[in-house]
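Dear colleague,

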Amino acid sequence: MSTVSQNPSTDAKISVHAPKRMLYGPGPSQVYPRIYLAMAQGVVGHLDPYFFQISQEVQQGLRTVFGTKNELTIPISATGSGGMETAISNFVEPGTKFGLIAAGYFAERIGEMATRHGGEIVRLDKPWGEAASDDEAVEFIRRERPQVVAFVQAETSTGVFQQSKALCEAAHEVGAIVIADCVTSLGAMPVDVDANGIDVAYSCTQKGLSAPPGLAPITVSPRAQERLKQRKSVNRSWYFDLGLVSDYLTVSHRYHHTASSTMFYALHEALAIIDEEGLAQRQQRHQRAHHRLVDGLEQMGLRMLVAEGQRIWNLNTPCVPSGVNDGKVRSYLLEKHGIEVAGGFGPLAGKIFRVGIMGPLATDEGVDRFLAKLDEAIKETA
């Protein structure tokens, strides 16, 4: 009987021929070659013992990068927005008083989701490009006394990193749980879920973890799990119901959805790469690359949108120089050098570049390559 190879030859004819890109945007980030090799392994079923072995190892790796001992730490079969929907749909129900620290596009998305799930929103608004101070966050939480507080740790639309320890302490004082969007920070900056007191944190695979998009890691504290048990209504989302998903991945292994073994392989390999380098060393590498990039940008005459000390290391937002058309610069980089860079949107449209220095590109060589090509693009499109 003939058999079909589970790992077909890489020289087989295929119909897709993607262009070569250097992904210096806010995500997806550049993928390590060995992750592609992991994804080329044979697909197994979503109820296969090997799938659950990989899943268990992924869960342990995620605890390390999140900085948590939370037992409920799993990947959701979705992008980062699905992780956001999971967090919101499980911990917001009609009448929930929801405190939102809003300073960018993705905070606004959190608010939109919370509203759709019946949350009553109270807001602490900051200009795009600024973080809330500890005093501002604490005063807001103590005044409003919400049941849930949500913030974006690393706001992809602005390049701002929001500190959270004082915020979380104040939330716990008033009996609230804290939800943190760690979509951009996970794998490149310290998230420190347990040390900061974050109750629910979610992320994605295609930014700081440097894998393709497709999974949304989430971690839930025992405190938040107790809150989940106290829900008065059924989660309006069946697909993102944490009770159902966690039962499938960690308890009974009963069918919930057809999880992609290929994406689990990719995340497993991404976490193995982090483990081999060392999480602290990887974070320090991204910090060094960030400082090298900022120094180079300032030498070119570009200023940063975000104040020093509030910047995301792996997602940088230099301001577009006066007289420069950001669209022309980005088109030049893509067409001439295959380099992807993003622009701003909302109130920052046309005002900033959003430059991701992540994973395999967070090196001296990766930074210097980008700086040289950006300088060329600005001069050639002036």
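Helix α2 (residues 49–66) and helix α10 (residues 261–277) pack at an angle of about 40 degrees, and their axes lie 9 Å apart. Helices here are DSSP runs of H or I with at least four residues, numbered from the N terminus, while axes are lines fitted to C-alpha atoms over the stretch in contact, with angles from 0 to 180 degrees between N-to-C directions.

The model is predicted, so local features need pLDDT of at least 70 and side-chain atom pairs count only at pLDDT 80 or more, whereas totals for chains, interfaces and linings use all residues. Residues are numbered from 1 along each chain as its sequence is written, and side-chain values use heavy atoms, with hydrogens and water left out.

Because of their angle, α2 and α10 are oblique to each other (angles under 35 degrees count as roughly parallel, over 145 as roughly antiparallel, 65 to 115 as roughly perpendicular and the rest as oblique). In the contact between them (heavy atoms within 4.5 Å), residues of α2 including Tyr50, Phe51 and Ile54 meet residues of α10, among them Phe264, Tyr265 and Leu271.

The second pair is helix α5 (residues 134–144) and helix α6 (residues 165–173), whose axes come within 9 Å and cross at roughly 15 degrees, and α5 and α6 are therefore roughly parallel to each other. Here Asp134, Ala137, Val138, Ile141 and Arg142 in α5 meet Ala166, Leu167, Ala170, Ala171 and Glu173 in α6.

Note on methods
Helices (H or I, at least four residues) and strands (E, at least two) are DSSP runs, numbered from the N terminus.
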